[in-house]
Amino acid sequence: MIEHGSFELEITGNVLILRAFDSWNYQTASRWVEETKDLASHLKSNPWLCICDLTQWELATPDIHYAVLDLNLWLDENNLRYLAIVHNSALQKAVLQKSHEVFRNVEVEYFSNLDEGYSWLESVSSDLEFKNCKANNQL
């Protein structure tokens, strides 16, 4: 089946950045899980951070639930420590909060704009790489 929706992933210092677009189907979500694990495997030897810009994301089909659960369990076991979610609706936030209940080692906060998300990550991180990538507008 053809993918619906898209995403961008990048690593800057010890920060994984996700930008999600449009509505996703299972194929897009599966590729996102695999690519996230692949990229994050380069970070997992030390605690790391993630910011998810979901302001242009329109949710996904229900069949992605187990793929998201698998990824969240993997993230929890592979040194993700802080996760900033930037959302665009109360429904989006509610769905995400439910999926994040599996986290035991990850602190998650939800924001309505990117600046708040970046500020929070900066406040919980003593890593200069994060501060430098924010200052250089790389996020």
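Colleague: Where is Asp22 found?

Modeller: Asp22 sits in strand β2 of this predicted model.

Colleague: What makes Asp22 partly exposed, rather than buried or exposed?

Modeller: Its relative accessible area is 40%. Buried would need a value under 20%, and exposed a value over 50%, so Asp22, at 40%, counts as partly exposed.

Colleague: And what is there to say about phi of Asp22?

Modeller: Phi of Asp22 is near 60°, a positive value in a residue that is not glycine. Most residues other than glycine have a negative phi. Leu59, which lies in strand β3, is not a glycine either and has a positive phi of about 70°.

Colleague: Let's turn to Val108. Why is Val108 called buried?

Modeller: Its relative accessibility is 18%. The cut-off for buried is under 20%, so Val108 counts as buried. Val108 has its place in strand β5, residues 107-111.

Colleague: Which residues is Val108 in contact with, leaving aside its neighbours within four places in sequence?

Modeller: Val108 is in contact with Leu83, Ile85, His100 and Phe103, once those neighbours are set aside. For Ile85, 23 residues away along the chain, the C-alpha separation from Val108 is 7.4 Å.

Colleague: How do you know that Gly117 is buried?

Modeller: Gly117 has a relative accessible area of 0%. Gly117 belongs to helix α4, residues 114-124. Beyond four places in sequence, Gly117 is in contact with Ile51, Ala84 and Phe111. By contrast, the C-alpha atoms of Gly117 and Gln27, 90 residues apart along the chain, are separated by 28 Å.

Colleague: What is Trp32 in contact with, leaving aside its neighbours within four places in sequence?

Modeller: With those neighbours left out, Trp32 is in contact with Phe7, Leu9, Leu18, Trp24, Val68 and Leu71.

Colleague: What is the volume of the largest pocket?

Modeller: The largest pocket has a volume of about 580 Å³. Its lining has 33 residues, and Trp57, Ile64, Val68, Leu96 and Ser99 are the closest to its centre. β2 (15-24), α1 (26-40), β3 (48-60), α2 (65-77), β4 (80-86) and α3 (90-99) each supply at least two residues of the lining.

Colleague: How do the residues of that lining divide into nonpolar, polar and charged?

Modeller: The lining of the largest pocket has 25 nonpolar, 6 polar and 2 charged residues.

Colleague: A last point, on confidence. Where does pLDDT stay under 50?

Modeller: pLDDT stays under 50 over residues 135-139. The model has 13 contacts beyond four places in sequence for that stretch. The scale runs from 0 to 100, and the mean pLDDT of the protein is 91, with 91% of its residues at 70 or more.

Key. Residues numbered from 1 in each chain as written. Predicted model: local features only at pLDDT ≥ 70, side-chain atom pairs only at ≥ 80, totals over all residues. Heavy atoms only, no water. 1 Å grid on protein atoms, 1.4 Å probe; cavity = no way out; pocket = protein on both sides within 12 Å on 5 of 7 lines; lining within 4 Å. Points joined across faces, edges and corners; volume = space filled by probe spheres on them. Helix = DSSP H or I, 4+ residues; strand = E, 2+ residues; numbered from the N terminus. Nonpolar A, V, L, I, M, F, W, Y, C, P; charged D, E, K, R; others polar. Buried < 20%, exposed > 50% of the residue type's maximum accessible area, 1.4 Å probe, protein only. Contact = heavy atoms within 4.5 Å. pLDDT = per-residue confidence, 0-100.
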